[in-house]
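Have the structure open as you read.

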Amino acid sequence: MSAERPVDPPVSGPRSVGRVLPDLEDDMLLNLFHKGARVQWTSLDLDWEPPLRLTDRQREALARLLTLVYFGEQTAMLGASGIVPQVAAAGETTAQLYLTSFMMDEARHFEALTRLYRKLGHDPIGLRRMPELLRYHHRIRQGDRADWVWGILFSDVIAKHFYRSFGVAQADPLFGEMSKSILLDESRHLAFADHYLRRNVARMSPARRRALVDMRDDLFRILTAMTERVRADAAEFGVDADDYLARVWADVEASGRRIGLPDEGGDEPPAGPAVVEPATPEPPRPPSPSPPTVMAAGRAAPRCFGCLLTLVCGRRLVPA
């Protein structure tokens, strides 16, 4: 498993904090940090007053389609907080700085999309109806910081093609302006992932590089299954799901070649798994008598990231 082959050994103790006065080399990651700091925006910069120029069916379809990127924003934000200590331990100070701006980007996207859901009058798809969401985000969290950045690159390619594909929806001024702002942020995220991986993949063993190819194929299979569930919603905006998947695959494969991954298996993407409909939920069981490990504000804190995502996916958004 890739988790057993970190990019380099972790550093423990006081040295993991880094030098008191680090040498901030003037590299691409520092430049991306400055760019991100200069172009900050929030949902308050968008005009929320006019009604959406979407039919009732298009509102529902857009809410379903946005689910794939919406929870990607939140898991990227939370995941980055766990990766920052790893890059700090490795002495990658400019990557550390960049990731702080990355987390701010993801937080702004998540907040703006949450507000958009309230405007649409629909909730995201829940995990019971799209269980692949949890599989996808668990897969990204396996391994070390290089695995995580590779997963983020894959997710950002998904987001890039999503916002570029739904031109009919972007005819609405609100969603169109939001899409343009998010795409600018995603371009920096892709530049970061590409630069960081090219620098680190060059030092990897052939087996380690092969593991990243396997991860790419796993993520694409899960994406294929998720896309199948929203095929009819995409068609509502004149988007063919197969064409969308083909564009994502071509982009991810090109990125893999650029960062130095082995070019194996030809140009054909891996076959997606059959979409299995979620089973009928069982009747609720009595609560476990065991006490929760942590309590805050009268509620039990989730024990793991998967529990947190399950809670979020099952919660209805508060009306505006």
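Which residues have the most contacts inside the largest nonpolar core? They are L66 and F162, in a core of 81 residues. Keep in mind that this is a predicted model.

## The core

Helix 1 (28-38), helix 2 (56-89), helix 3 (93-120), helix 4 (132-140), helix 5 (145-165), helix 7 (173-201), helix 8 (206-229) and helix 10 (241-259) each supply at least two residues of the core. Helix 2 gives the most, with 14 residues.

Now zoom in on L66. Leaving aside residues up to four places away in sequence, L66 touches L113, L116, Y117, L120, F162, Y163 and F175. As a general pattern, nonpolar side chains in soluble globular proteins tend to be buried together.

## Aromatic pairs

The count of aromatic pairs comes to twelve. One of them joins Y70 and Y117 edge-to-face, at 4.9 Å centre to centre with 65° between the planes. Y70 sits in helix 2 and Y117 in helix 3, so this pair ties together parts that are 47 residues apart in sequence. Y70 is buried, with a relative accessible area of 3%, and Y117 is buried too, at 1%.

Next up are Y98 and F192, which form a stacked pair: 4.5 Å centre to centre, 25° between the planes. Because Y98 lies in helix 3 and F192 in helix 7, the pair ties together parts that are 94 residues apart in sequence. Both Y98 and F192 are buried.

## An aromatic cluster

Some rings come as a group: F162, Y163, F166, F175 and F237 form one aromatic cluster. Among its members, F162, Y163 and F175 are also touched by L66.

How values were computed: Residues are numbered from 1 along each chain as its sequence is written. This is a predicted model: local features need pLDDT of at least 70, side-chain atom pairs count only at pLDDT 80 or more; totals for chains, interfaces and linings use all residues. Side-chain values use heavy atoms; hydrogens and water are left out. A nonpolar core is a set of buried Ala, Val, Leu, Ile, Met, Phe, Trp, Tyr and Cys residues joined through side-chain atoms within 4.5 Å. Buried means under 20% relative accessible area, exposed over 50%, partly exposed in between (1.4 Å probe, protein chains only). Helices (H or I, at least four residues) and strands (E, at least two) are DSSP runs, numbered from the N terminus. Contact means heavy atoms within 4.5 Å. Rings of Phe, Tyr and Trp (its six-membered ring) pair if their centres lie within 6.5 Å; planes under 30 degrees apart count as stacked, over 60 as edge-to-face and the rest as tilted.
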